[in-house]
Amino acid sequence: MTQSSKSTTKVIVVGGGGTMGSSTALHLLRNGYTPSNITVLDTYEIPSAQSAGNDLNKIMGVRLRNPVDVQLSIEARDMWNNDEMFKPYFHNTGRLDCGSGPEEIEYLKKAYKTSIEAGVGLEKTTEWLETEEEILKKAPLLDPEQIKGWKAIWSEDGGWLAAAKAINSIGQVLKKEGVNFGFGGAGSFKAPLFAEDGVTVNGVETVDGTKYYADKVVLAAGAWSSVLVDLEEQCVSKAWVYAHMQLTPEETAEFKNCPVVYNGDLGFFFEPNEHGIIKVCDEFPGFTRFKQHQPFGAKEPKKISVPRSHAKHPTDTIPLESEASIGRAVDAFLPRFKNKKRFNQSLCWCTDTADSNLLICEHPKWKNFILATGDSGHSFKLLPNIGKHIVELLEGRLSEDMKNSWKWRPGSGDALKSRRAAQARDLADLPGWNHDGDVNEINSSIEKLKLSKEETAKTGNGGPVVEI
């Protein structure tokens with residue numbers, strides 16, 4: 001695509017308040033597209049209150065499952081370290097991946113071997129920790145009684161990302177440069193618009209009837225993707241659970257620079273942020289919420305896992321078993337805080353593919369309609385660079401290995417289980433989850449459901465991307 005054609009090409013990004021969408025809009029600007037020809041749509045303003053990326057923090061680490069993952073992870077790590085927009089939000093505290101059971105230890109040993117043999121320099125920053133004493137040297141605030149039998153991988157170049165703040169920084173640039181926005185009903189996707197041939201997409205209609213026209217449409221709707229358009233079961237939306245705890249100023253100072261600690265049987269926790277808020281997550285295969293629903297393009301209603309936005313339903317709770325499992329994680333990682341009140345306990349929605357690869361491709365039936373989804377729980381660290389590759393696809397210059405990894409691939413496996421240890425369980429089967437209300441009801445008072453600016457600044461608001 002020539003520079004002159006870039007300057008005239010109009011692009012709509014649906015879900016532009018989240019991770020892949022905001023990154024796409026940013027890289028359109030960085031690649032010379034005219035700001036007034038870029039339109040970002042989302043139910044909420046950037047960072048979208050429904051985006052999984054609008055969160056207190058996310059883990060930074062290098063993923064080595066295949067060559068594409070390696071390239072993306074190293075590229076992202078370098079941008080978090082060196083790109084002026086992103087480096088303020090990377091907290092390079094290090095990362096401990098721990099385990100104690102035979103299977104978990106065997107998994108860690110294989111992961112360590114892969115890291116040091118990857119040929120990308122990780123042997124310089126990665127260390128095997130055989131004893132509890134070695135683990136305590138890296139994370140001295142862990143309780144020695146709780147880590148007996150643990151082994152660990154230490155990743156010096158790991159840490160955490162101030163997620164909501166990073167997306168917000170993109171939003172500020174987009175606004176400053178003059179990108180167009182549609183929020184609320186005017187930003188909530190209803191259907192693609194087609195040219196007379198019925199195949200070429202030339203815009204988007206939103207739930208309030210607003211019609212936007214463009215040369216290209218990017219659907220980066222995260223966990224809502226399979227709800228909005230028929231993805232033929234390639235993606236299944238799943239929820240994970242997190243909770244916050246408030247530390248005192250003295251406790252916050254004590255835990256400053258604490259590494260991210262991840263245990264595959266228990267979960268993980270982060271260094272407290274500047275407001276003394278610490279996030280703890282449990283670890284499990286995820287929750288689904290299957291409903292009869294007919295996404296655009298489907299011939300009839302079918303069972304689809306439909307996310308439920310905490311931003312839209314702020315009184316929702318989490319299942320009783322999740323409260324218990326987060327409690328177990330706190331008992332193991334932070335036993336001194338076992339009686340601390342946990343707040344902001346919420347479900348955070350992502351979408352899995354069967355092979356955990358992204359789904360980034362042109363829709364096979366609709367020309368100029370680009371899908372950018374299928375994060376499988378590992379996309380936030382790619383915020384600085386994933387949009388670059390989405391723009392490459394849009395311009396017809398995406399590398400063949402990425403095309404092959406991210407292609408349209410229905411029937412290629414079970415996205416309900418994905419590559420996790422077990423299949424997700426449905427929320428309908430779990431007691432203790434308060435979920436009154438109609439998920440299909442469009443919220444007429446979006447502004448009332450937004451977090452206050454102060455609370456958003458402190459905590460973010462993990463959740464999904466585009467509400468229906």
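Trainee: In what order do the three strands of the open sheet stand?

Mentor: This is a predicted model, in which local features need pLDDT of at least 70 and side-chain atom pairs count only at pLDDT 80 or more, while totals for chains, interfaces and linings use all residues. Residues are numbered from 1 along each chain as its sequence is written, and side-chain values use heavy atoms, with hydrogens and water left out. Strands are DSSP runs of at least two residues, numbered from the N terminus, and two of them pair if DSSP finds at least two bridges between them. The pairing here is antiparallel, and the order is E10-E11-E12.

Trainee: Which are the edge strands?

Mentor: An edge strand in this sheet pairs on one side only. Five bridges join E10 to strand E11 (residues 201-206), and Leu 193 stands opposite Gly 203 in E11. The edge strands are E10 (189-194) and E12 (211-213).

Trainee: Which residues touch the most other members of the largest nonpolar core?

Mentor: A nonpolar core is a set of buried (under 20% relative accessible area, 1.4 Å probe, protein chains only) Ala, Val, Leu, Ile, Met, Phe, Trp, Tyr and Cys residues joined through side-chain atoms within 4.5 Å. Leu 334, with contact meaning heavy atoms within 4.5 Å, touches residues including Met 245, Phe 255 and Ala 329, not counting residues up to four places away in sequence. Of the 119 residues in this core, those that touch the most other members are Trp 80 and Leu 334.

Note on methods. Buried < 20%, exposed > 50% of the residue type's maximum accessible area, 1.4 Å probe, protein only. Helix = DSSP H or I, 4+ residues; strand = E, 2+ residues; numbered from the N terminus.
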